[in-house]
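Dear colleague,

Please find below the structure that I am handing over to you. My notes on what was found in it follow.

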Amino acid sequence: MLRASQTTWKTDTGRQRKDNEDNAFARAPLFVVADGMGGAQAGEVASQIAVEAFQAELSDSGSPEERLAARAQDANRRIYEISSTEHDRAGMGTTLTAVYVDDAELAVAHVGDSRAYLFREGELGRLTQDHTLVEELLKRGKLTEEQAAEHPQRSIITRALGVDPEVDVDTRTYGARAGDVVLLCSDGLTSMISEKQVAAILAQEPDLDRAAERLIAEANAAGGRDNITVVLFRLEEVEGSAAADGEQPTMVGMSRVPADGGAGPDTAEAHPADAGAAARAGTMTTASRSAAGTRGRARRAPLSTAPGDDRGPRPMRRTRRPARLAKPVAALVTILVLAFLIGGGGYLATRQLFFLGTNSQGIVTVYRGLPYDLPFGVHLYETYYVSGLPLSTVPAARRNEMVNHQIRSQSDAISLVHAAELGQLTR
């Protein structure tokens with residue numbers, strides 16, 4: 001079996017934030033990173049609640065994936081209750097990425113855009129898929145990877161703990177080997193430096209304390225726009241492990257980034273903004289689970305590589321559908337998945353962001369959400385506040401400011417409209 005050794009975790013406020021809303025937990029065999037949102041004394045509270053939910057020993061009931069998902073649901077309910085009852089913490093939430101070392105496997109639970117990686121033999125593989133608006137647009141072919149890397153809304157997440165009474169938790173199990181290094185981090189790291197840089201640092205720094213320090217230093221050197229949290233641990237073999245008997249567990253469904261920056265053997269070169277690489281290379285199991293509603297054990301898909309097929313391993317199908325049903329079924333599944341993604345992303349965005357515009361009568365209105373319309377008549381916004389102010393009464397030099405759809409905070413949007421209503425806007 002395997003155990004975690006040389007564990008370290010470090011966090012830094014970054015160069016542009018006054019407060020650190022990240023939290024982490026690192027005590028073998030369980031490791032957690034949470035990145036809070038909602039401002040000082042709100043985001044920090046949310047991420048702390050998430051971490052505390054994992055500090056007690058996991059129960060023996062269910063698979064490791066199920067136990068992680070249950071803890072995530074517990075944290076989600078606690079954060080949601082506080083957010084719903086305490087005015088100064090309304091709208092708070094947090095990302096969550098948790099990894100549990102289980103014999104020769106890694107169980108992963110994930111919500112949001114923090115990440116988990118596995119570094120093996122000079123290659124970096126991503127274990128999680130970001131839940132962001134840009135990632136969903138990327139998967140639907142609406143953005144290229146280059147556009148996604150520079151998109152102004154690339155930091156907007158579509159799933160987080162504490163936003164709704166229940167949350168969908170992605171879970172997955174990966175094979176592990178002695179010598180593997182596992183990295184958990186908040187997006188303050190991956191939004192500032194590329195996966196190639198991360199792989200290079202891990203290859204150059206066998207001491208994990210120094211590696212963590214270098215990762216944070218590089219993120220700060222690149223601008224340090226957000227809080228930066230890094231958790232690192234190395235797996236080592238102990239007596240009775242499968243690896244000692246010659247069995248070699250494999251990584252399942254990950255994109256790989258070699259330390260030298262070239263393409264890995266299983267997939268094309270992974271772009272640092274490509275949050276869906278793991279899902280496109282393999283299959284991500286999405287668990288819509290509550291502590292009471294989870295059934296059965298989630299298992300790794302067996303791998304199959306056909307002779308002469310150089311595309312790398314892919315999950316084997318257990319059953320075959322009749323050919324005539326394949327396309328209709330695939331189309332139906334695609335429609336359902338898109339409906340879920342659009343609905344989830346739009347709903348979360350409407351709770352966090354605001355912009356100004358006019359309604360059909362030309363009245364200045366505050367909208368909550370994003371100023372985008374999606375196919376099938378889906379809007380990513382809703383009316384939040386209708387002022388008593390026709391746009392025509394706003395000084396001409398300031399009208400564009402009222403209807404330019406710039407993303408604002410709730411207080412900024414309301415303050416601007418109130419100033420216009422009181423005639424305090426100058427030409």
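Is Asp170 buried or exposed? Asp170 is buried, with a relative accessible area of 4%; buried means under 20% relative accessible area, exposed over 50%, and partly exposed in between, with a 1.4 Å probe and protein chains only.

Before the details, two remarks on the source are needed. This is a predicted model, in which local features need pLDDT of at least 70 and side-chain atom pairs count only at pLDDT 80 or more, while totals for chains, interfaces and linings use all residues. Residues are numbered from 1 along each chain as its sequence is written, and side-chain values use heavy atoms, with hydrogens and water left out.

Salt bridges

Side chains of opposite charge can pair when their charged atoms come close. A salt bridge is counted here when a side-chain nitrogen of Lys or Arg is within 4 Å of a carboxyl oxygen of Asp or Glu, and the count comes to 18.

Asp170 has such a partner in Arg159, with the closest N and O atoms 3.1 Å apart. Asp170 belongs to strand E9 (residues 169-175) and Arg159 to the loop between helix H4 (145-150) and E9, so the pair ties together parts that are 11 residues apart in sequence. Helices (H or I, at least four residues) and strands (E, at least two) are DSSP runs, numbered from the N terminus. Arg159 is buried as well, at a relative accessible area of 12%.

Arg17 and Asp226 form another salt bridge, their closest N and O atoms being 3.3 Å apart. Arg17 lies in the loop between strands E1 (2-12) and E2 (22-27), and Asp226 in the loop between helix H7 (208-221) and strand E11 (228-237), so this pair ties together parts that are 209 residues apart in sequence. Arg17 is partly exposed at 38% relative accessibility, whereas Asp226 is buried at 12%.

Within helix H2 (residues 64-85), Asp74 and Arg77 are 3 residues apart, or about one helical turn. Their salt bridge has its closest N and O atoms 2.8 Å apart.

Strand E7 (residues 115-120) pairs with E8 in the antiparallel sense over 4 bridges; two strands pair if DSSP finds at least two bridges between them. Arg120 stands opposite Glu123 in E8. The hairpin leaves 2 residues between the strands, and Glu121 in the turn has a positive phi of about 50°.

In strand E8 (residues 123-126), Glu123 and Gly125 on one side and Leu124 and Arg126 on the other are all buried.

With kind regards
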